[in-house]
Amino acid sequence: MSEPHAVGVVQTVQPTVKSPLAGVNVLIEGLTGTGKTYSIGTLADAGIETFVLFTEAGLETLLGYYTDPPPDGKGVKYDQIPPNLHWHILSPLVQSFDALANAADKVNSISLDAWAKIVDPDRGKFNRYVDLLRVLHDFPDDRTGAKFGPVDKWGTGRAIVVDSLTGLGHFAMALVIGGKPVKSQPEWGAAQDQLERLLRQLCDGCRCHFVLLSHQEREMDQVMGGVKLTVSTLGRALAPKIPPMFSDVVMSYREGLKFLWTTANQSADLKKRNLPLRDGLDPSFGQIIAKWRSRGGVIEK
């Protein structure tokens, strides 16, 4: 039983300290199998309440951070998944084999030029992008069934992680074209615009930390020549616009049994604000949060 309040003593509630800095925006790009999803566990380890939105398969890898031995084989690190880790899976829309067969038959019988001018009458069924925005408006946790409100109202004690940019691109394109197989140039532009708007809202319209995971593609560098590693997204016009939105752009890679990060690889457009400029970085968000806090960032409760 609690002690009664002393007579004449005014009980005050300590206000939440607001961080003078908004959260960090981090883009992790890398080839498949380089530890991008695995590293999310270090964000929860850093004391940030972490919410992961999966647009493709990845939950098994994240859970493996807690349940499986590390890649170097030095034992299991955790007994249980921490309570500050939440996730929601927004699976891509799939069609039946019958629907795929009907679509293939149409491809075989209609010219590509004609396809480009057709509006899919079933486009409204391909609304995963709308579902995505609703998830961000009131994040539902698959783990507990709880909802956590709009991401753009969260403070710096929380982070939204999107795994991955590839899934976002598929959702945005399907929003515009539905299920038709041929895309016109205006449709490419409309889908790119939707995706760019979303990323700018997450980077600039939210105070919480934002982490985006992305696969990489090799593209010809039209300015300097040679091959450039870029984020895998909707077309060449959008890819160069994405890294400048972020405070840190990191490339993940693997050496033997070790997952590593780099901010110094010259074949990719990388960026460092909370990390040193070098190869061989430990793939941990703890160092990013620590640097952010040293500059005045506060983990809001």
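The following questions and answers concern a predicted model.

User: What is the mean pLDDT of the chain, and which residues have a pLDDT below 50?
Analyst: Across the chain, 90% of the residues reach a pLDDT of 70 or more, and the mean is 89. Where pLDDT is low, the predicted coordinates should not be read in detail.

User: Is Lys-18 buried or exposed?
Analyst: Lys-18 is located in the segment that precedes strand 1 (25–30). Because its relative accessibility is 60%, and the cut-off for this class is over 50%, Lys-18 counts as exposed.

User: Which residues does Lys-18 touch, not counting those up to four places away in sequence?
Analyst: Lys-18 and Lys-301 are 283 residues apart in sequence, yet their C-alpha atoms are 8.9 Å apart in space. With residues up to four places away in sequence left out, the residues that Lys-18 touches are Arg-207 and Glu-300.

User: How many disulfides does the count come to?
Analyst: A disulfide needs two cysteine sulfur atoms within 2.5 Å, and the count by this rule comes to 0. Cys-203 is in no disulfide, since the nearest cysteine sulfur, that of Cys-206, lies 8.7 Å away. For Cys-206, also in no disulfide, the nearest cysteine sulfur is that of Cys-208, at 5.0 Å. The number of disulfides is 0.

User: Are Cys-203 and Cys-206 buried or exposed?
Analyst: The relative accessibility of Cys-203 is 6%, so Cys-203 falls under the 20% cut-off and counts as buried. Cys-206, at 7% relative accessibility, likewise counts as buried.

Note on methods:
Residues are numbered from 1 along each chain as its sequence is written. This is a predicted model: local features need pLDDT of at least 70, side-chain atom pairs count only at pLDDT 80 or more; totals for chains, interfaces and linings use all residues. Side-chain values use heavy atoms; hydrogens and water are left out. Helices (H or I, at least four residues) and strands (E, at least two) are DSSP runs, numbered from the N terminus. Buried means under 20% relative accessible area, exposed over 50%, partly exposed in between (1.4 Å probe, protein chains only). Contact means heavy atoms within 4.5 Å. pLDDT is the predictor's confidence in each residue, from 0 to 100.
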